[in-house]
Amino acid sequence: MKTVSENMSFGGVQGVYSHTSEACGCDMTFGLYLPPQARTGAVPVLWYLAGLTCTHENAMTKAAAQGFAAEAGMALVFPDTSPRGDDVADDEAYDLGKGAGFYVNATQKPWAPHYRMWDYLSDELPDLLAREFAIDPDRQAITGHSMGGHGALTLAMAHPGRFASVSAFAPIANPSKSDWGKKQLTAYLGADEADWARHDSTLQMEAVGFDGPVLIDQGGDDQFLELLTPEALSHAMAARRQDGVFRIQKGYDHSYFFVSTFIPDHIAFHADALGL
């Protein structure tokens with residue numbers, strides 16, 4: 001592991017680190033904010049998964065989350081959204097390939113050798129953080145924006161007991177039925193829709209739900225509402241009687257102005273679930 005940069009922030013340290021990933025077969029970069037409390041012991045962690053076209057840097061610099069995390073005594077992890085490198089397959093479209101890993105393990109050519117973000121986030125990166133930093137692996141929560149909201153919800157429901165809470169900002173809620181999903185899941189996983197189900201938060205909410213509280217914020221003026229299909233997830237949560245809150249925020253769009261406005265609510269929500 002290499003240190004790319006470290007900057008003091010709200011009494012803690014915002015770092016950027018790179019390492020060779022066995023899961024993705026390339027070098028990966030992630031951001032990690034450690035609050036001042038990490039100097040005296042292991043702290044709980046909130047994962048933030050970013051959306052299409054993003055890297056580790058977008059939320060790290062635009063979500064304005066570090067101050068609230070420092071107050072709560074919580075670490076923040078900002079992984080990348082896909083594998084990177086000259087040997088990694090890509091596509092000319094912004095919504096496939098680099099920056100658009102969709103948090104799955106690809107099984108189809110040319111994506112399969114490197115696009116294994118599910119394994120990277122389920123196993124490899126958590127293990128690295130637990131070894132190298134003052135992170136408490138028994139106290140985790142997860143959130144994300146857009147494609148990252150899709151990833152946060154599906155990872156949380158697939159790993160019962162791992163995350164105390166899950167939240168999302170404008171998640172791609174039903175990718176099996178959306179043009180933000182059908183294209184990518186076909187490319188990465190093949191045409192059999194049965195293989196897509198574990199990566200569709202609406203279908204997973206219907207099938208298994210989440211064993212903790214859920215918070216969803218969706219901008220009412222989001223320019224991508226037809227692609228996000230938030231009503232599908234809302235209906236699934238209601239039908240399952242899921243412990244959760246689904247909020248439509250009038251006037252807000254899909255940008256980080258929306259995310260940064262409501263990130264204090266989300267950090268407070270996760271801090272409560274983690275007992276902080």
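Start with the second largest cavity, which has a volume of about 30 Å³; a cavity here is a set of points, on a 1 Å grid over the protein atoms alone, where a 1.4 Å probe fits but cannot get out, and lining residues have an atom within 4 Å of a point. The grid points are joined across faces, edges and corners, and the volume is the space filled by probe spheres set on the points. Select L46, Y48, A65, L76, F78, T143 and I263 to display its lining. Strands β4 and β5 (75-79) are the elements that give two or more residues to this lining, strands being DSSP runs of E with at least two residues and helices runs of H or I with at least four, numbered from the N terminus. The lining divides into 6 nonpolar, 1 polar and no charged residues, where Ala, Val, Leu, Ile, Met, Phe, Trp, Tyr, Cys and Pro count as nonpolar, Asp, Glu, Lys and Arg as charged, and the others, Gly among them, as polar.

Before going on, keep in mind that this is a predicted model, in which local features need pLDDT of at least 70 and side-chain atom pairs count only at pLDDT 80 or more, while totals for chains, interfaces and linings use all residues. Residues are numbered from 1 along each chain as its sequence is written, and side-chain values use heavy atoms, with hydrogens and water left out.

Stay with F78, one of the residues lining that cavity, which lies in strand β5. F78 counts as buried because its relative accessibility is 2%, buried meaning under 20% relative accessible area, exposed over 50% and partly exposed in between, with a 1.4 Å probe and protein chains only.

Next, select W47, L49, L121, P126, Q140, I142, L155, R162 and F163, which line the largest cavity. About 60 Å³ of space lies there, and β4 (43-49), α3 (117-132) and β6 (135-144) are the elements that give two or more residues to the lining. By class, this lining has 7 nonpolar, 1 polar and 1 charged residues. A search of the whole structure finds 2 cavities of 30 Å³ or more.

The lining of the largest pocket comprises 6 nonpolar, 7 polar and no charged residues.

S146 lies in the loop between β6 and α4 (147-158) and counts as buried, at 3% relative accessibility. Then select K109 and P110, which are joined by a cis peptide bond with omega of about -5 degrees; P110 has its place in the loop between β5 and α3. Most residues other than glycine have a negative phi, and most peptide bonds are trans.

Continue to Y188, which, together with L32, touches the most other members of the largest nonpolar core, a set of 87 residues. A nonpolar core is a set of buried Ala, Val, Leu, Ile, Met, Phe, Trp, Tyr and Cys residues joined through side-chain atoms within 4.5 Å. Among the residues that Y188 touches, not counting those up to four places away in sequence, are L96, F102, W111 and Y115.

Another stop is T229, in the loop between α7 (225-228) and α8 (230-240). T229 is buried, with a relative accessible area of 12%, and touches A173 and N174, residues up to four places away in sequence not being counted.

Finally, zoom out to the whole protein, which has 9 helices and 9 strands. Of its 276 residues, 58% count as buried.

Terms used:
Contact = heavy atoms within 4.5 Å. 1 Å grid on protein atoms, 1.4 Å probe; cavity = no way out; pocket = protein on both sides within 12 Å on 5 of 7 lines; lining within 4 Å.
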